[in-house]
Amino acid sequence: MTRPGAASSLSASPFSLRRYQSDIQSHSHDHAQLVIPLDGPIEIEVQGQGRRLAPGSACVIAPGLRHDYAADPALSFLVQESLWLPAALGDTPFISLDEPQRHYLAFLHQMVRQGRYLTGMDQIWLSLLAEGQGMAPPLAPRMTRVQRHIEVHLAEPLGNARLAAIACLGQSQFKHAFRQQFGMSVSHYIRGRRMALARTLLAQTALPIGVVASRCGYQDQGAFAERFLAETGLPPSRWRQQSGPRP
């Protein structure tokens, strides 16, 4: 199947908000599709497997599979179209979303409502779903070492030279191997992990925004705020107000 990133050929954004009809519809298509209820259920059947799919779950439709569906036209659904699925994810049409997936889904919903799309957002979502189902392809040991180093040192500079050395690869080999394993560039992966940490710290702690920025590898609070706004559509202070720090 097509490599990660090819989904951009379907449309400017692989995500859309849709409503369906109460009469049963049926079709198939040559790309994968995910249907995710946001505020109510959908009746959906994929290759003879039917379910009343409620919020907190998702339907993964592999390319070429016929599916029948119907829903209250007042309800909305997040739909993702992709030319790539993580290995075996399409073998399980119906999945329940865990807490990290639901948290990222809320972020996706907000971005789609604002008409925003960040490169790689769809790949991160598919990888999260695969990991939650225990289906993510195993990382090579050298990439596991790199991943662990990144997670522990998000507050520090993370250059390709150092990461390549940890992987015992030349820089060109390392960048190619990293993209093969994670479906994105090193810089994009690191930025995504830093922004994920930032969202968690803002939502779950009362740390000053300058401290959050520092823990996420930004010594300049202004640069951090600018990047956070670009990634989420909200400045850090507004994100915190909406998410609410826990005491």
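Predicted model: local features only at pLDDT ≥ 70, side-chain atom pairs only at ≥ 80, totals over all residues.
## Strand E6 and its partners

Strand E6 covers residues 57-61, and three bridges join E6 to strand E9, which spans residues 94-96, with the two strands running antiparallel. Strand E3, made up of residues 32-37, is likewise joined to E6 by three bridges in an antiparallel arrangement, and across this pairing Val-35 stands opposite Cys-59 in E6.

## Burial of strand E6

Because five of the five residues of strand E6 are buried, the strand is largely enclosed by the rest of the structure. Here a residue is called buried when its relative accessible area is under 20%. Both faces of E6 are covered, with Ser-57, Cys-59 and Ile-61 buried on one side and Ala-58 and Val-60 buried on the other.

## The four-stranded sheet

Elsewhere in the description comes an open sheet of four strands, whose order is E2-E7-E4-E5 and whose pairing is antiparallel. Its edge strands are E2, residues 25-27, and E5, residues 49-53, each of which pairs on one side only. On average, and with direction ignored, neighbouring strands of this sheet are turned by 15° against each other.

Within this sheet, strand E4 consists of residues 42-46 and is joined to E5 by five bridges, the two strands running antiparallel. Ile-44 has Arg-51 as its bridge partner in E5.

How values were computed: Residues numbered from 1 in each chain as written. Heavy atoms only, no water. Pairing = 2+ DSSP bridges. Axes fitted to C-alpha atoms, helices over the stretch in contact; angles between N-to-C directions. Buried < 20%, exposed > 50% of the residue type's maximum accessible area, 1.4 Å probe, protein only.
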